[in-house]
Amino acid sequence: MQRDRRAIGLKKISALLISLGPELSAKVLKLMSDEEIEVITAEVANTSRVAPEFKAQVLTELDEMRQAQNYMLEGGIKYARDMLDKALGAARSTDILRKLAETSEVKPFAFAKKVGAKQLAGFISEEHPQTIALILSYIEPEQGAAILSLLENDTRADVAKRIATMEKVSPEVLAELEQVLTSRFSNISEYDFAAAGGIKSLVNILNRVDRATEKLIFERLEREDPNLAEEIRKRLFVFEDIIMLDDSAIQRVVREVDNKDLALALKGANAEVSARIYKNISKRAAEMLREDMEFLGPVRLRELEEAQQRIVGIIRKLDESGEIIIARGGDDAIIV
């Protein structure tokens with residue numbers, strides 16, 4: 001079912017791009033990822049003809065989606081549903097809002113951007129931890145980190161766990177929560193029904209909190225869900241983040257890393273990471289490293305990622321022991 005829906009979606013996108021012509025289509029493609037461009041252009045290449053009826057259907061749907069989004073920006077989901085019901089009928093209205101929920105990029109809780117972290121933390125601190133987790137999942141990670149740090153210790157860990165294990169949230173749940181907060185705080189009119197929360201969302205927040213908050217959250221998670229704690233810890237500092245370390249820290253890390261792991265890790269590293277590593281080792285060591293990389297030949301992605309993860313583990317241990325410093329916010333911010 002999901003595959004059939006995706007295939008139909010690709011056909012519609014292909015028909016739209018063909019209808020728009022090369023100049024406008026090029027502008028649309030610039031807004032997409034490389035993977036999306038590859039899939040879509042392949043579909044366009046395999047489309048020899050677009051039936052007039054199908055073209056009309058696609059353009060009509062596009063106009064309806066645009067109209068629905070305008071309604072939502074004007075007055076929210078209830079207003080949009082009422083207007084679409086009147087214009088197109090309840091069945092078509094529901095279908096359009098469902099599609100908009102899958103594609104919208106407008107964030108809910110937009111009012112939070114205008115509110116200070118302390119004020120917002122005080123405002124939501126008495127809410128249920130699941131509600132707090134939902135709000136933090138949608139606002140900017142920097143603001144989420146500041147708010148998380150201001151919550152009570154037990155609440156922090158509970159909220160962190162709920163963010164990491166959260167899945168998709170229905171438009172109705174979001175709308176209901178927004179209505180409650182609106183009546184108590186401010187007017188809210190922007191919505192997004194994409195997936196909220198998840199480990200990635202929590203990692204974005206934890207990467208910006210102070211060390212004490214991070215430690216407290218992990219201690220609680222390790223007691224309640226060790227597997228989840230380990231999965232989050234693995235993602236908290238990724239190999240590419242090595243460029244965030246200063247030169248002396250990189251030199252310290254390299255001394256602890258197995259030469260084979262370093263060669264494996266750099267096989268898949270970007271130019272910036274490689275340049276920082278080579279900058280912080282001797283000319284002779286650099287030559288040996290290049291030789292090791294050539295000797296390895298083709299390697300499996302899994303082996304490469306495991307080597308990078310072992311290096312990340314060393315970095316985190318050195319950070320925890322205070323031998324190097326991973327720059328972060330709060331009380332751990334580095335002052336020069």
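**View 1. S274, a buried residue of helix α16**.
S274 has a relative accessible area of 14%, so S274 counts as buried. Buried means under 20% relative accessible area, exposed means over 50%, and partly exposed lies in between (1.4 Å probe, protein chains only). This is a predicted model: local features need pLDDT of at least 70, side-chain atom pairs count only at pLDDT 80 or more, and totals for chains, interfaces and linings use all residues. Residues are numbered from 1 along each chain as its sequence is written, and side-chain values use heavy atoms, with hydrogens and water left out. S274 sits in helix α16, residues 271–279. Helices (H or I, at least four residues) and strands (E, at least two) are DSSP runs, numbered from the N terminus. Beyond neighbours within four places in sequence, S274 is in contact with L266 and A269. Contact means heavy atoms within 4.5 Å. E240 is 34 residues from S274 in sequence, and their C-alpha atoms are 9.6 Å apart.

**View 2. L88 in helix α4**.
Helix α4 covers residues 52–88 and includes L88. L88 is partly exposed, at 33% relative accessibility. Leaving out neighbours within four places in sequence, L88 is in contact with E64 and I96. L88 and E64 are 24 residues apart along the chain, with 9.3 Å between their C-alpha atoms.

**View 3. Helix α8, largely enclosed by the rest of the structure**.
Helix α8 spans residues 141–150. Of its 10 residues, 7 are buried, so the helix is largely enclosed. The buried ones are P141, Q143, G144, A145, I147, L148 and S149.

**View 4. The largest nonpolar core**.
A nonpolar core is a set of buried Ala, Val, Leu, Ile, Met, Phe, Trp, Tyr and Cys residues joined through side-chain atoms within 4.5 Å. Elements giving two or more residues include α6 (117–124), α9 (153–165) and α13 (226–236). The largest share, 6 residues, comes from α7. Beyond neighbours within four places in sequence, I124 is in contact with I132, I135, L136 and I147. A second, separate core holds 27 residues, among them F239, L245, V273 and V312.

**View 5. R290 over the face of Y278**.
R290 lies 4.2 Å from the ring centre of Y278. A charge sits over a ring if NZ of Lys or CZ of Arg is within 6 Å of the ring centre and within 35 degrees of the ring normal.

**View 6. Confidence along the chain.**
The mean pLDDT of the protein is 77, and 79% of its residues reach 70 or more. pLDDT is the predictor's confidence in each residue, from 0 to 100. Among the elements, helix α10 (residues 171–184) has the lowest mean, 67. Helix α14 (residues 247–256) has the highest, 93. Residues 187–196 have pLDDT below 50, and this stretch has 48 contacts beyond near neighbours in sequence. Residues 329–336 are also below 50, with 10 such contacts. Where pLDDT is low, the predicted coordinates should not be read in detail.

**View 7. The whole protein.**
The protein has 18 helices and 0 strands. Buried residues make up 41% of its 336 residues. Of the contacts with a separation of 6 or more, 76% join residues 24 or more positions apart.
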